[in-house]
Amino acid sequence: TLKGFRPMNIKMPFVLISAFLAGCAQQPTNSSEAVKLTQTKTDTSHWYRATSIDFNPYTEDLPYFEDMIAAIDAIPDYNLNTLTIDFRCGEKPIIEEVTDDPQLPIDKTSGCAVRYFDNDLITIAAERAHRNGLSVNLKPMFLNLQNKLWYKKGYEYGTLDIDVFFDGNGYPYSGYIPAIIALATHAEKIGAEYLTIGTELTNLNYKILFSPRWPEIISSIRKVYSGKLIYNTNLAQEPTVKDFRKFDKFFSQIDIIGINYFPPNALNGKRDATVKEISKAWYNGKSDGYRLVPMIIKMRKVTGKPIIMSETSFPTWDGSANWAFRHACDYKNKGKDGWMFNEGPLAAKTPSDRDGLDLAMAWHEAFGSAEWVDGVDYLFWTTSAQYYHRDPITDEFKDPNPDSSYWDCLSLLYNKNNGIKEVIRDFHTP
């Protein structure tokens, strides 16, 4: 048995979990040494201030469960008001068929594996968030449908058949529609204020958001769910700029537009940029030769929908402002040939908390007081993956080990004391 790891091969009674939750005292906020901010402090008007916890399927290790509860309890201390529950769908089916039996856990009716033994982890997290006065956003990730259907049908990345995406191909949980309806029903049941109906779906097929089926799908979702609907798009990396300008018809059907904003090679590879330089480069970020911010502002005006900067994160590696969408250290790519592995986003990286902190300050300087930004969602408040050892050479997960740290290059906000979460707290403090 690994040192410090408590194997749990038997079901933990729900009454035990309930007793643990009832007696779980709020963990004191960990503070790093004082950080002198170079940004201009503003009293932001963001009405949506979220941070996310990320679930891997089948979280059955007690240390993570305890960490999750403590992390949720700490969120209000940082002047955030919403918990985003981030989880995967279609990754690891556990029964032979999808079922609509409402007595079964949500993973058995949607194919989204988020369980703590026989207990629905989504519900446990949502109840804890509500107990702390937080709103809840359920954020299922469907990109694993690509993997499942790719292996079965031979689809290449980005060319998944659209009808197969929506309806499935006969394999359990293979279709988006049955999964999202089940999740919407569950979101209503647990009182989730927000439901993210998709994130970067055009990675599966760039035509997905142009499908004429969306009005019927969204109508079906709204019949079972009364909260706000969000969709997150990765403007710089996922669709082309040309496609984004045509998404107005789709965006007009939802309530909130999420922008995963990661301008590619924002500083042309420069690794010693100042906070001011990073801030300017990010606000003026381009893709395909077009400035991104004016396009976002125009989309907000055309659709009349609020904009949140979704999946905002501050990776802790040297030069991370250039490719901030990349959170892994990519040690396994050291020595590989080609620009992508030497200078590009997949190059092996050197961990650097300072770079993550500079990016956090620069981001708030650039976007914190922008009148067209209605909210922000910070990635990786905590994640279950930190309790799995990632081999620094192969980048593969090994056995659960609560003594091991998560990737050194990822901004694991709650669990690291590098000053980043204090930047977030101070900025959102009137």
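Phe250 is buried, with a relative accessible area of 2% (buried is under 20%, exposed over 50%, partly exposed in between; 1.4 Å probe, protein chains only). The model is predicted: local features need pLDDT of at least 70 and side-chain atom pairs pLDDT 80 or more, while totals for chains, interfaces and linings use all residues. Residues are numbered from 1 along each chain as its sequence is written, and side-chain values use heavy atoms, without hydrogens and water.

The secondary structure of the chain comes to 15 helices and 14 strands (DSSP runs numbered from the N terminus: helices H or I, at least four residues; strands E, at least two). Of its 430 residues, 58% count as buried. The accessible surface of the chain is about 18,200 Å², and carbon and sulfur atoms hold 50% of that area (Shrake-Rupley method, 1.4 Å probe; for residues, only the protein chains shown count as cover). Among contacts in the chain with a separation of 6 or more, 78% are between residues 24 or more positions apart (contact: heavy atoms within 4.5 Å).

A search of the whole structure gives 28 aromatic pairs. Tyr231 lies in strand β7 (residues 228-234) and Phe250 in helix α10 (residues 248-251), so the pair ties together parts 19 residues apart in sequence. Rings of Phe, Tyr and Trp (its six-membered ring) pair with centres within 6.5 Å; planes under 30 degrees apart are stacked, over 60 edge-to-face, the rest tilted. Tyr231 is buried, at a relative accessible area of 0%. Both Tyr231 and Phe250 belong to one aromatic cluster, whose members also include Phe142, Phe165, Phe166, Tyr176, Phe210, Trp214, Phe244, Phe247 and Phe251.

Two lysines have a charged end over a ring, as tabulated below (NZ of Lys or CZ of Arg within 6 Å of the ring centre and within 35 degrees of the ring normal).

| Charged end | Ring | Distance from ring centre |
|---|---|---|
| Lys336 | Phe341 | 5.0 Å |
| Lys349 | Trp317 | 5.0 Å |

Turning to the backbone, Asn79 has a positive phi of about 60° although it is not a glycine. Asn79 is in the loop between α2 (62-74) and β2 (82-88) and, at 26% relative accessibility, counts as partly exposed. Glu311, likewise not a glycine, has a positive phi of about 55°. Glu311 lies in strand β11 (residues 307-312) and counts as buried at 10% relative accessibility.
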